[in-house]
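This report describes the fold of one protein chain in plain terms. Please look through the sequence and the model before reading on.

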Amino acid sequence: MGILYEDVVIISQPQKDGDPTVLTVNCPDKTGLGCDLCRIILFFGLNILRGDVSTDGKWCYIVFWVVGKNRTRWSLLKQRLIEACPSCSSASGISYYRSELQPSKPPDVFLLNFCCHDRKGLLHDVTEVLCELELTIKKVKVSTTPDGKVMDLFFITDTRELLHTKKRKDETIEHLTEILGDAIISIDIDLVGPEITACTQASPLLPTAITEDAFDLELPDLARGGTLRSDYVSVMMDNTLSPAHTLVQIMCQDHKGLLYDIMRTLKDYNIQISYGRFTTKPRGKCEIDLFIMQADGKKIVDPNKQNSLASRLRMELFRPLRVAIVSRGPDTELLVANPVELSGKGRPLVFHDITLALKMLGTCIFSAKVGRHVIGDREWEVYRVLLDEGEGLSFPKNKIEEGVWKMLMGWE
């Protein structure tokens, strides 16, 4: 079976304002494809209103109905979605989408190092530029000097794999200089060596300043019981409706990246989706039906495996991120953590949303650190933001925590 390159991903714009854009993906299937596509859609700031998935085990057909920003770069989105699809080949091998499958090497890590005069919202403005340029933040260290200067270290990778070129580096510096304006003192971007790259990997130990209790890694009893309330999740499994598949039925509250959270969980469990339907209902409710099977092509009949998968889905949908405000002596620290996929990919736009929420709340950042750590038996991205209380916090601590949480969940 062959398919033209342009037809691997088709983007159909709405006929009238307010209607969703339709993304159609038609390509060979692979375990985790839905996760990879949803991650890209989330990175581009789009919200999925509805989704349909069908596959015969070899070929996959996926449709997403999405809404988002007016400035969405649709041609770039199409390119990124195509790159996430497995290769296609044809009898002629000429006009059809085809790429060689090669093991991917870890991306080069670059250090963005700049110094400037501080101002409210500065860190978010820098983060927004990096996101627009498709530069992924791997680690951050931000500090403020007593004389009001900011020293920022961003360890970044380039989705386009061009940051080693002078043109791409100059473009990045130009965009950052434009947003920083007269506040900038110095700026530079350098490729870092393997010894520095190793420092961006997960720490095997949890920092003593962070405890598991701060992130409440267990589900509340009400959520375990399966009672559906505005902020709880119901996950049911049924093996009687299909001779070859396990049916997973999910009812929950909608949030930013909901479908991504479902898909990344199934990908981590090496679960294949043969058919699926995702729909949003009034008052933010969502219903998801998925016919799934294990990598060996069999349904999930082991009660322990069923309970393990259902429990993980409930947890990931009930609380996909952890947000907490904690006191560090006289200081106040905002902690945010999100789980990392087994593939090593983190959740898109988390630091962007944290800094945006704080900017909207008028809360200044004194210092910030982003790194990966092992919490429990999983790897997490942990964001530690020390809030500037020089003139007092603009809002009570619980309101700041609530504001960040709502921004991350798309409820702002």
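A salt bridge is a side-chain nitrogen of Lys or Arg within 4 Å of a carboxyl oxygen of Asp or Glu. Asp261, Arg264, Arg312, Glu316, Arg347 and Arg378 are linked through such bridges into a network. The model is predicted, and a search of the whole of it finds 30 salt bridges.

## Overall make-up

The protein has 412 residues, and 48% of them count as buried. Its secondary structure comes to 11 helices and 16 strands. Among contacts with a separation of 6 or more, 68% are between residues 24 or more positions apart. The accessible surface is about 20000 Å², and carbon and sulfur atoms account for 52% of that area.

In soluble globular proteins, nonpolar side chains tend to be buried together. Here the largest nonpolar core holds 54 residues, and Phe64, Ile250 and Ile262 have the most contacts inside it. Helix α2, which covers residues 33-43, gives the most to this core, with 8 residues.

What does Phe64 touch, leaving aside its neighbours within four places in sequence? Phe64 is in contact with Thr21, Val22, Leu23, Leu37, Cys38, Ile41, Ile48, Arg50, Gly51 and Leu259.

| Asp52 | Arg277 | 3.1 Å |

Take the pair Asp52 and Arg277, whose closest N and O atoms are 3.1 Å apart. Asp52 lies in strand β3 (residues 47-55) and Arg277 in strand β11 (residues 272-280), so this bridge ties together parts that are 225 residues apart in sequence. Asp52 has a relative accessibility of 14%, so Asp52 counts as buried. Arg277, at 38%, counts as partly exposed.

Glu341 belongs to the loop between β14 (331-339) and α10 (350-360), while Lys267 belongs to helix α8 (residues 258-268), so the pair joins parts that are 74 residues apart in sequence. Glu341 is buried, with a relative accessible area of 3%.

Is Glu333 buried or exposed? At 6% relative accessibility, Glu333 counts as buried. Arg328 has 29% relative accessibility and counts as partly exposed.

## Two residues with positive phi

Most residues other than glycine have a negative phi, and most peptide bonds are trans. Glu134 has a phi near 60 degrees, a positive value in a residue other than glycine. Glu134 lies in the loop between α4 (122-132) and β6 (135-144). Its relative accessible area is 1%, so Glu134 is buried.

Arg283 likewise has a positive phi, near 60 degrees, and is a residue other than glycine. Where does Arg283 lie? Arg283 is in the loop between β11 and β12 (285-293). At 76% relative accessibility, Arg283 counts as exposed, whereas Glu134 is buried.

## A helix pair

Helices α4 and α10 pack with their axes 9 Å apart, at an angle of about 145 degrees. The crossing of α4 past α10 is left-handed. On the α4 side, the residues that meet α10 are Leu123, His124, Asp125, Thr127, Glu128 and Cys131. Their partners in α10 are Phe351, His352, Thr355, Leu356 and Lys359.

## A glycine in a loop

Gly45 is found in the loop between α2 and β3. With 29% relative accessibility, Gly45 counts as partly exposed. Which residues does Gly45 touch, not counting residues up to four places away in sequence? Gly45 touches Gly68, Lys69 and Leu349. The C-alpha atoms of Gly45 and Thr72 are separated by 8.1 Å, and these two residues are 27 residues apart along the chain.

How values were computed. Residues are numbered from 1 along each chain as its sequence is written. This is a predicted model: local features need pLDDT of at least 70, side-chain atom pairs count only at pLDDT 80 or more; totals for chains, interfaces and linings use all residues. Side-chain values use heavy atoms; hydrogens and water are left out. A nonpolar core is a set of buried Ala, Val, Leu, Ile, Met, Phe, Trp, Tyr and Cys residues joined through side-chain atoms within 4.5 Å. Buried means under 20% relative accessible area, exposed over 50%, partly exposed in between (1.4 Å probe, protein chains only). Helices (H or I, at least four residues) and strands (E, at least two) are DSSP runs, numbered from the N terminus. Contact means heavy atoms within 4.5 Å. Accessible areas come from the Shrake-Rupley method with a 1.4 Å probe; for residues, only the protein chains shown count as cover. Axes are lines fitted to C-alpha atoms, for helices over the stretch in contact, and angles run from 0 to 180 degrees between N-to-C directions. A crossing is left-handed if the near helix is turned anticlockwise from the far one by less than a right angle, and right-handed if clockwise.
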